[in-house]
Amino acid sequence: MNPSSNRSLPVLRSLFLALLAMVGLALTERPAEAAGEYSIQEVVDAGHGFFGETSGALAKVIEQAFEQHGLPNGYILGQEGSGALIAGLTYGEGTLYTKNVGQHDVFWQGPSLGIDYGGNGTRTMMLVYDLPDVDTLYARYGGVSGSAYIVAGVGMTVLKSRDVILVPIRTGLGARLGVNVGYLKLTRAPTWNPF
């Protein structure tokens, strides 16, 4: 056997192990991207670009959502209008963004009932958690809107349908006060029917 080939085996083995270690490190540093999930920085950047504000309030609300629910695998950017005098209605439209299946139009509407007065128009970002496929998004999501987490005019609520969680984050114009129970129905096309 050639003595020089015996000396090169440990060197090749060391290079191979180093290469495996680097690949393993690269995979562990990017778990969100590999799983189609969004990092907090990606969501904060999208929110600042969409809302047109650079205040820390948006970042704090997004951070709260990440602490409670982890990494989203999609988000919706859109706008909505709502009003209430005990009973209320909400209508909105936007775009779902995902890493694995692209962008999709989405519309939402829904009724609410409670001690709730006023109206508002808002820009809305909805973080989407545990979405297995786009078709699953189009459903009714229930929740209590008065349980919002609010920082400096930016508010967050949590809505759920089966295993999918929506976390709407809103900022906008208007005056609305109260607590209500309701749902949002997400659809592929606009409709006036909130039920």
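## The nonpolar cores

In this predicted model, the largest nonpolar core has 22 residues, and Ile62, Met125, Leu127, Val167 and Ile169 touch the most other members. A nonpolar core here is a set of buried Ala, Val, Leu, Ile, Met, Phe, Trp, Tyr and Cys residues joined through side-chain atoms within 4.5 Å; buried is under 20% relative accessible area, exposed over 50%, partly exposed in between (1.4 Å probe, protein chains only).

The largest share, six residues, comes from α4. Another core of 17 residues lies apart from that one, with Val128, Leu137, Tyr138 and Leu166 among its members.

Take Ile169: skip its neighbours within four places in sequence, and its contacts (heavy atoms within 4.5 Å) include Leu58, Val61, Ile62, Met125, Leu127 and Val154.

Zooming out, the chain has five helices and seven strands, as DSSP runs numbered from the N terminus (helices H or I, at least four residues; strands E, at least two). Their order from the N terminus is α-α-α-α-β-β-α-β-β-β-β-β. Of the 195 residues, 39% count as buried. Among contacts between residues at least 6 apart in sequence, 70% join residues at least 24 apart.

Residues are numbered from 1 along each chain as its sequence is written, and side-chain values use heavy atoms, leaving out hydrogens and water. Local features need pLDDT of at least 70 and side-chain atom pairs count only at pLDDT 80 or more, while totals for chains, interfaces and linings use all residues.
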